[in-house]
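Here's a set of exercises to work through with the model open in your viewer. Try each task before you read its solution.

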Amino acid sequence: MEKNTPLTEAFVYILLAVRKPNHGYGIIQEISRLTEGRVVLGPGTLYGAIQNMTARGWIRIFSEETDSRKKKEYVITDLGRQVFAEEVQRLRELLRNAERMEEGEEDDKI
């Protein structure tokens, strides 16, 4: 990942949902719970993102049962935690700047 490349909202929520091992449907449910139903990922979006994030080393397969009743679980990696922390820092900066603009602090500098 390039420095300061923003993550999509889906990526941020997936990283949050796999802090502990979680399977696809569980990730969808956790994201819906965290956002109070505002964000609902479809399976195509979720599994495309999981494939992308696995390839980047941000998440990994935690367990893959051969029993067809068991589901593949994913968990965040150390690199994924680092990427997430950088994104949180970027979003905090964005929020601080937006709040300053709303408060009129930047208007005085013009």
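Gly 24 counts as buried, at 4% relative accessibility (buried means under 20% relative accessible area, exposed over 50%, partly exposed in between, with a 1.4 Å probe and protein chains only). Before going on, note that this is a predicted model, where local features need pLDDT of at least 70, side-chain atom pairs count only at pLDDT 80 or more, and totals for chains, interfaces and linings use all residues. Residues are numbered from 1 along each chain as its sequence is written, and side-chain values use heavy atoms, with hydrogens and water left out.

**Exercise 1.** Find the element that holds Gly 24, and list what Gly 24 touches beyond four places in sequence.

*Solution.* 
- Start with the element: Gly 24 sits in helix α2 (helices are DSSP runs of H or I with at least four residues, strands are runs of E with at least two, numbered from the N terminus).
- Next, the contacts: Gly 24 touches Leu 46, Tyr 47 and Lys 72 (contact means heavy atoms within 4.5 Å).
- Finally, check a C-alpha distance: Gly 24 and Ile 50 are 8.9 Å apart in space, though 26 residues apart in sequence.

## The whole chain

**Exercise 2.** Work out the order of helices and strands along the chain, and how much of the chain is buried.

*Solution.* 
- Count first: there are four helices and three strands.
- Then read along the sequence, which gives α-β-α-α-β-β-α.
- For burial, 32% of the 110 residues are buried.
- For contact range, take the contacts between residues at least 6 apart in sequence: 51% of them join residues at least 24 apart.

## Helix packing

**Exercise 3.** How are α1 and α2 placed relative to each other, and how are α2 and α3?

*Solution.* 
- For α1 and α2, the angle is about 110° and the axes are 9 Å apart (axes are lines fitted to C-alpha atoms, for helices over the stretch in contact, and angles run from 0 to 180 degrees between N-to-C directions).
- So α1 and α2 are roughly perpendicular (that label covers 65 to 115 degrees; under 35 counts as roughly parallel, over 145 as roughly antiparallel, and the rest as oblique).
- At this contact, Tyr 13, Ile 14, Leu 16 and Ala 17 of α1 meet Ile 27, Glu 30, Ile 31 and Leu 34 of α2.
- For α2 and α3, the angle is about 110° with the axes 11 Å apart, so this pair is roughly perpendicular too.
- Here Gly 24, Tyr 25, Ile 27 and Ile 28 from α2 meet Leu 46, Tyr 47 and Ile 50 from α3.

## A buried glutamate

**Exercise 4.** Is Glu 87 buried or exposed, and what does Glu 87 touch?

*Solution.* 
- Locate the residue: Glu 87 is in helix α4 (residues 78-103).
- Glu 87 has a relative accessible area of 3%, so it is buried.
- The buried residues of α4 are Gly 80, Val 83 and Glu 87, and their cover includes α1 and β3.
- Beyond four places in sequence, Glu 87 touches Thr 5, Pro 6, Leu 7 and Val 12.
- A polar atom of the Glu 87 side chain lies 3.4 Å from the backbone nitrogen of Leu 7.

## A positive phi

**Exercise 5.** Where does Glu 36 lie, and is Glu 36 buried or exposed?

*Solution.* 
- Glu 36 lies in the loop between α2 and α3.
- Its phi is near 55°, a positive value in a residue other than glycine.
- Glu 36 counts as exposed, because its relative accessibility is 77%.

Conventions:
Polar contact = N/O pair within 3.5 Å; in protein donor to acceptor, adjacent residues only side chain to side chain.
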